[in-house]
Amino acid sequence: MISLKQWMRLVNSVQWKLVVIYILLIITALQLIGVYFFRELEEYLIRDVNDDLRLQAGRLSQYVKTELSRKTSDNEKRKEISKLLDTFRFLKNAEIRVIDKNNFVIASTAKQQQPDFVRPAFPFNVQKPETIYRTWNAAKGVDYQGYILQLVDGGKRVGAIQIEMPLDKTYKTIRDISKILIKITFFALVLTSFLVVILARTITSPVKEITEQATAMASGDFDRQVSVKSGDEIGRLAMAFNHLAAHLRVALKQKEEETEKLQSVLANMSDGVIATDGDGRVIVKNLRAENLLERRIQLGEPLESVLPLTEPVRLPLREERHLFLEWETQDGEPTILKVTLTPVKMGGDDRMTGLVAVLEDVTEQEKLDRQRKEFVANVSHELRTPLTTIKSYLEALEDGAVHEPELATRFLKVTRQEADRMTRLIQDLLTLSRLDARKERFQKRPLSTLELLDDAYQRFTFQCRQKSIDLTLYVPPGIRRVYADRDKIDQVLDNLISNAVKYTPEGGSIAITARTRPDGMVEVGVADTGIGIPKKDLGRIFERFYRVDKARSRELGGTGLGLAIAREIIRAHDGDIRIESVWKKGTLVTFTLPTVSGRWS
């Protein structure tokens, strides 16, 4: 038993509708035959005439369509088609016209030729593949049966063929065969009904197969193909559907590739990127953004919960906006992020459909800016202190101290010391400036490592003896020569050894060592048993004007620039300088220099 639901599905099918419609048409035709017998007989013969016209037009269409599709001038097309009409065998008394795509007659078999490119004097529907009509020729007093076949090439209309046949002989035939027509009407009805069923199945079967393929495509299966069983419109529809499936498969593959490229670009960006929709919910993010924010970002999460903003972002965002976020990381280090919010607008009304947040780590930039400000403040302070002292002693001399020889001599000595201190400071600043600008010239040449360190050892032997400091030098035999600027390396050694002497108490020891590292570089070390450096200060010891004990450093005459200059000199030699220290136990400073064999190898 067929259920009601199955009956409803059957009734709503295209096949059932076609069968019902055609059967109703047949019944209507039988009724018209019974009432208007002769009229139907006339229609039967007219259909016969139409079949002849259709057959004639079909035979001619391939040749005419080929000529109309050629990329030639209109005159050449008209000449070629006119030749074709002259040589082609047509129905007797039939008049044939060829019409281009603009509905202009370009060729005709009529005895009285029409002017070139004259519009036909009858209406027809250019949208239908074929048109059948009847017209009355008042001049001849004859009915004409007409047929128009549209010519389509590559899915585009290129023109049409019009054929007209006089109906005077047809009317005579109608009178002769009217009795015969009555006998065959019943058989025609049965045959037509059978053909209707076959026609409906022919039309609906490919449609059903295309529907099944569309359902499979919706689920992601693009590999199935619709069977092409004919070359008509249904067959062309099946071919177009297969073509569509192939293009969709390629388009989806390209989309996946573009998505992978976008993900690769986002993953390798140095800045963090977060994109949201119009409601401010995350739709795209990259790993860099998660690393900068030190948290996982979930798609669909509101932007306010992702970024630690003091004020929420008001949507829609009208223009680009810059924000700065600052917090301490898990290591206790401060982090500063610059967030650039840019609206994404689409459409002619500039409607915001989302926004893009670009996160840039500006911690180092801000750190450099603070160091610059501190540097300016330190320079000002370092210059102001000796200037104030010099001014004070000069004022004292003006007030009468100049007349006391012993006091004046002491004041002048202090003034000279402060002036020398300023000179050293300015000299160090100029050296750093030249090093920063890469304007400092280095006279590099091969140097004996033993000779270089021995000379430094000899320069500080006397000072160490005065403070009862044990100064030792150890250079292994056969150590390689270094490629360096002698004066600049002497400046580095003097700075490091003098610092060791300053901060090592009496009875301590200082050692100067050298060794060849596995990578071919020579490593020089200066170790002491002095007061050492607190761990919290080691990370900033090479900063300019940075002092662990500012009062003691000024008392010992330091400018706070020696280690900074030493680092720049070693870097200019493609080396590295490091410092290790334990508070109140001692310090070890090491730096590396390239060797001669390493340079020329």
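**Close-up views of a predicted model**

View 1. Asp455 and Arg486 form a salt bridge whose closest N and O atoms are 2.3 Å apart; a salt bridge is a side-chain nitrogen of Lys or Arg within 4 Å of a carboxyl oxygen of Asp or Glu. This pair links distant parts of the chain, Asp455 in helix 11 (residues 449-459) and Arg486 in helix 13, 31 residues apart. The model is predicted, so local features need pLDDT of at least 70 and side-chain atom pairs count only at pLDDT 80 or more, whereas totals for chains, interfaces and linings use all residues. Residues are numbered from 1 along each chain as its sequence is written, and side-chain values use heavy atoms, with hydrogens and water left out. Helices (H or I, at least four residues) and strands (E, at least two) are DSSP runs, numbered from the N terminus. Asp455 is partly exposed at a relative accessible area of 25%, while Arg486 is buried at 17%; buried means under 20% relative accessible area, exposed over 50%, and partly exposed in between (1.4 Å probe, protein chains only). A salt bridge also joins the side chains of Arg459 and Asp490 (3.7 Å, N to O). Arg459 lies in helix 11 and Asp490 in helix 13, so this pair ties together parts that are 31 residues apart in sequence. Arg459 is partly exposed, with a relative accessible area of 34%, and Asp490 is buried, with 12%. Through shared partners, salt bridges join Asp455, Arg459, Arg486, Asp490 and Asp494 into one network.

**View 2. The crossing of helix 13 and helix 16.** The axes of helix 13 (residues 486-502) and helix 16 (residues 562-572) come within 10 Å and cross at roughly 145 degrees. Axes are lines fitted to C-alpha atoms, for helices over the stretch in contact, and angles run from 0 to 180 degrees between N-to-C directions. Among the residues that meet are Ile489, Val492 and Leu496 in helix 13 and Leu563, Ile565 and Ile569 in helix 16; contact means heavy atoms within 4.5 Å.

View 3. Five strands form an open sheet in the order 12-14-15-17-16, with mixed pairing; two strands pair if DSSP finds at least two bridges between them. Strand 12 (470-474) and strand 16 (577-582) stand at the edges with a single partner strand each, so one side of each is left without a neighbour in the sheet. Strand 15 (residues 522-528) and strand 17 (residues 586-593) run antiparallel and are joined by seven bridges. Val524 stands opposite Phe591 in strand 17.

View 4. An open sheet of five strands has the order 2-1-5-4-3 and antiparallel pairing. Its edges are strand 2 (105-108) and strand 3 (130-137), each with a single partner strand, so one side of each is left without a neighbour in the sheet. The twist averages 20 degrees from one strand to the next. Helix 4 (residues 74-87) packs on the sheet, touching strand 1 and strand 2, and its direction makes about 25 degrees with that of strand 2.

View 5. Ser61 lies in helix 3 (residues 37-69) and is buried, with a relative accessible area of 8%. Not counting residues up to four places away in sequence, Ser61 touches Leu149, Leu151 and Ile161. Arg54 and Asp51 form a salt bridge, with the closest N and O atoms 2.9 Å apart.
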